[in-house]
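Open the model in your viewer and keep the selection panel at hand. The stops below follow the boundary between two parts of the chain.

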Amino acid sequence: MSSVSTEATEAVEYTAEVFIDGRFESPASAWRPVLDKAAGTPFARYGDASAEQVDRAVAAARRAQPAWADTDANTRCDVIRAFAAQLQRRHDELITLLVRETGGTAEKAEEELGQSINQLLNSATQLTENAGSILPPYKPGKMSLSRAVPLGVIGLIVPWNYPMSLAMRALAPGLAYGNAVVLKPAELTPIAGGRILAEAARAAGVPDGLLAVLPGDGPATGAALSRHRGLDLIHFTGSFEVGAAIREHGARTGTPVITELGGDNAFVVLDDADVEQAASCAVWTALWYQGQTCISAGRHIVQRAIAAEFTEAVVERVRKLRVGDPLREEVDLGPVISAGQLARFHEGLVLPSIDAGARVAVGAEHDGLFYRPTVLTDVTPDMPIFQEETFGPVMPITVVDSELQALELANRHRTLMNSVFSGDPLRGYEFAERLHSNEVHVNDGYARHGGEGQLAGFTRRQWIGLQTTPVSYPAWAQGV
């Protein structure tokens with residue numbers, strides 16, 4: 001292992017070390033800073049886990065997992081609940097940490113920590129409720145059973161926007177149902193998404209080796225983990241391009257892959273909608289956490305009859321929003337996560353769309369990472385801001401003449417979650433039925449629900465046929 005430099009050590013409050021087999025160790029690379037996103041100053045550090053460390057983490061997980069799978073459900077339930085209690089015990093510290101590391105508001109941090117704790121508690125409860133099924137016998141004297149069996153070792157790669165709760169969405173049910181987990185947090189948020197989880201798991205009594213945390217960047221650490229032959233499942237949340245590459249590799253190796261990828265989500269406002277309600281929901285779904293979620297509303301498609309009224313209501317709300325340091329000021333929006341992210345949507349999507357004819361109703365300017373929430377009008381479907389996921393605090397509005405045209409534009413791009421507003425709930429429901437998205441909200445935005453334990457996603461089904469009475473086989477099978 002190469003020596004680790006002393007760079008990025010000043011004012012360090014947290015260190016995201018590599019966590020393998022119940023112990024923290026130094027990374028193979030030099031230390032890198034983790035910034036307080038609003039202040040722009042380092043407050044933590046991390047390093048890249050090497051391919052050799054990935055190998056050792058997976059090996060340790062494979063050793064630890066069988067005994068954990070054989071542990072009775074009540075014991076596992078107690079450990080998972082203790083995990084939740086460790087996070088709750090550090091509530092105030094973790095709220096501040098999440099604000100600093102993600103750039104979100106305290107409200108966003110409360111939501112994320114609450115979701116993480118609830119996911120653990122939900123999984124702890126659900127693991128004691130169902131271990132399989134008794135199936136109808138297909139012949140006399142045969143008991144037919146289907147039981148849930150842990151997959152084995154799960155490779156988990158999570159993004160920076162909700163580093164703790166998106167990790168917990170797979171980590172909690174994964175551990176609860178008897179698996180081991182090897183986690184790679186995002187390099188922008190390796191403390192809340194990695195170090196803290198390792199500390200809490202160890203304090204809760206999660207057996208050594210069962211959880212590994214491997215900080216590092218995607219091309220090095222992430223690639224080494226996602227391509228590892230010792231995994232029984234790869235769970236990835238992030239960009240479409242990286243997810244597609246991971247799925248392609250999984251298809252070649254036969255490794256199951258679960259992905260949640262980005263989408264250019266649509267927010268449709270039909271001509272009979274309650275404009276004030278639609279405008280409030282649009283601002284919320286587009287600008288919550290600076291628009292940096294995979295389910296943020298990215299394209300606002302509005303029928304012409306109410307477009308001017310809707311736009312005016314949106315702009316009025318957006319002008320009042322306060323942007324600043326969420327830890328040190330009373331604000332509604334914090335900073336964008338990084339300079340690279342800001343350049344991607346501002347220089348790559350907003351400015352070219354303005355050059356192509358989009359009009360700035362408000363915003364489209366920034367002071368460092370503090371980006372003024374933006375409303376663009378006169379947006380057409382051929383503009384970059386319409387064609388790509390924004391992942392920033394920008395609301396492009398596209399006007400259409402008919403419901404059919406709105407439907408066609410909404411379905412033109414891949415999405416995760418769409419919304420439609422109509423004064424007639426049945427009309428809205430019928431429109432929702434024709435949308436291609438897996439999740440649609442009528443007269444509402446995305447739901448902030450806690451994650452559910454996913455028995456089917458983190459176990460496999462094993463069928464067992466138990467013959468309880470003698471069977472009469474054919475004479476030729478009996479040697480007669």
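Predicted model: local features only at pLDDT ≥ 70, side-chain atom pairs only at ≥ 80, totals over all residues.

Where the two domains touch, domain 1 contributes 23 residues and domain 2 contributes 21 residues.

Next, show the surface of the contact. About 1800 Å² is buried between domain 1 and domain 2, and 68% of that area lies on carbon and sulfur atoms. Now select A38, T105 and W160: these residues account for 27% of the area that domain 1 buries against domain 2, more than any other three residues.

Which side chains meet in a salt bridge? Select D36 and R328 and display the side chains; they form a salt bridge at 3.1 Å, N to O. The rule finds 1 salt bridge across the interface of domain 1 and domain 2. Across that interface there are also 5 residue pairs in polar contact, with both residues at pLDDT 80 or more.

Stay on the side of domain 1 that touches domain 2, and switch to cartoon. The elements giving two or more residues to this side are helix 3 (91-102), helix 4 (106-126), helix 8 (240-253) and strand 12 (257-261). Helix 3 provides the largest share, 5 residues.

Finally, colour this side of domain 1 by residue class: 8 residues are nonpolar, 6 polar and 9 charged.

Technical notes:
Residues numbered from 1 in each chain as written. Heavy atoms only, no water. Contact = heavy atoms within 4.5 Å. Buried area = accessible area lost by both parts, 1.4 Å probe. Salt bridge = Lys/Arg side-chain N within 4 Å of Asp/Glu carboxyl O. Polar contact = N/O pair within 3.5 Å; in protein donor to acceptor, adjacent residues only side chain to side chain. Helix = DSSP H or I, 4+ residues; strand = E, 2+ residues; numbered from the N terminus. Nonpolar A, V, L, I, M, F, W, Y, C, P; charged D, E, K, R; others polar.
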